Amino acid sequence: QVQLVESGGGLVQAGGSLRLSCAASGGTFSSYKMGWFRQAPGKEREFVAAISRSGSSTYYTNSVKGRFTISRDNAKNTVYLQMNSLKAEDTAVYYCAGRVSPYVDVYDYWGQGTQVTVSS
């Protein structure tokens, strides 16, 4: 059973930075496409970023392009989300997720989430 554990969330002022980490165990990390999602209070969960199995391809939602960077270290079974120039609207619970199929856009494994709060 794959387990994903996020860390690195917290309270930061607008314009600041945070780096989220997601450590995976119980599976073959390098075989999963990984993604970050977030859910703000009263809103649906939304896609933030994703990275291919090798790390050679990355994808971002428009609102975070140029500010967030997703990366992974397959030797450490960890995916990261570097968040810079944070805005109040980035406040949410952030989840990492793993996807087995390269063809079906469904994520199979989810972490428990980490809270990010940006004060304005």
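Which residues of the largest nonpolar core touch the most other members? In this predicted model, local features are described where pLDDT is at least 70 and side-chain atom pairs count only at pLDDT 80 or more, whereas totals for chains, interfaces and linings use all residues. Residues are numbered from 1 along each chain as its sequence is written, and side-chain values use heavy atoms, with hydrogens and water left out.

The largest nonpolar core holds 27 residues, and those that touch the most other members are Trp36, Val48, Phe68, Val79, Leu81, Met83 and Tyr94. A nonpolar core is here a set of buried Ala, Val, Leu, Ile, Met, Phe, Trp, Tyr and Cys residues joined through side-chain atoms within 4.5 Å, where buried means under 20% relative accessible area, exposed means over 50%, and partly exposed lies in between (1.4 Å probe, protein chains only). Two or more residues are given to this core by each of strand S3 (18-25), strand S4 (33-39), strand S5 (46-51), strand S7 (68-73), strand S8 (78-83), S9 and strand S11 (114-119); strands (E, at least two residues) and helices (H or I, at least four) are DSSP runs, numbered from the N terminus. The most is given by S3, with 4 residues. In soluble globular proteins, nonpolar side chains tend to be buried together. When residues up to four places away in sequence are not counted, Leu81 is in contact (heavy atoms within 4.5 Å) with Leu18, Arg19, Leu20, Trp36, Val48, Ala49, Phe68, Thr69, Ile70 and Tyr94.

Val64 is placed in the loop between strand S6 (58-60) and S7, and this residue is buried, its relative accessible area being 0%. With residues up to four places away in sequence again set aside, Val64 touches Arg38 and Val48.

Aromatic pairs, taken as rings of Phe, Tyr and Trp (its six-membered ring) with centres within 6.5 Å, count as stacked when the planes are under 30 degrees apart, as edge-to-face when over 60, and as tilted for the rest. By this rule there are 5 aromatic pairs. Trp110 itself is partly exposed, with a relative accessible area of 30%. Together, Phe37, Phe47, Tyr107 and Trp110 form one aromatic cluster.

Salt bridges, defined by a side-chain nitrogen of Lys or Arg within 4 Å of a carboxyl oxygen of Asp or Glu, number 4 by this rule. Arg38 forms one with Glu46, the closest N and O atoms being 2.6 Å apart; Arg38 counts as buried at 6% relative accessibility, whereas Glu46 is partly exposed, at 34% relative accessible area. Arg38 also meets Asp90 in a salt bridge (2.9 Å, N to O), and this pair links distant parts of the chain, with Asp90 in the loop between S8 and S9 and Arg38 in strand S4, 52 residues apart. Both Asp90 and Arg38 are buried. A network of salt bridges links Arg38, Glu46, Arg67 and Asp90. The side chains of Asp105 and Arg99 meet in a further salt bridge (2.9 Å, N to O), in which Asp105 is exposed, with a relative accessible area of 61%, and Arg99 is buried, with a relative accessible area of 6%.

Tyr103 is found in the loop between strand S9 (92-99) and strand S10 (109-110), where Tyr103 is exposed, with a relative accessible area of 75%.
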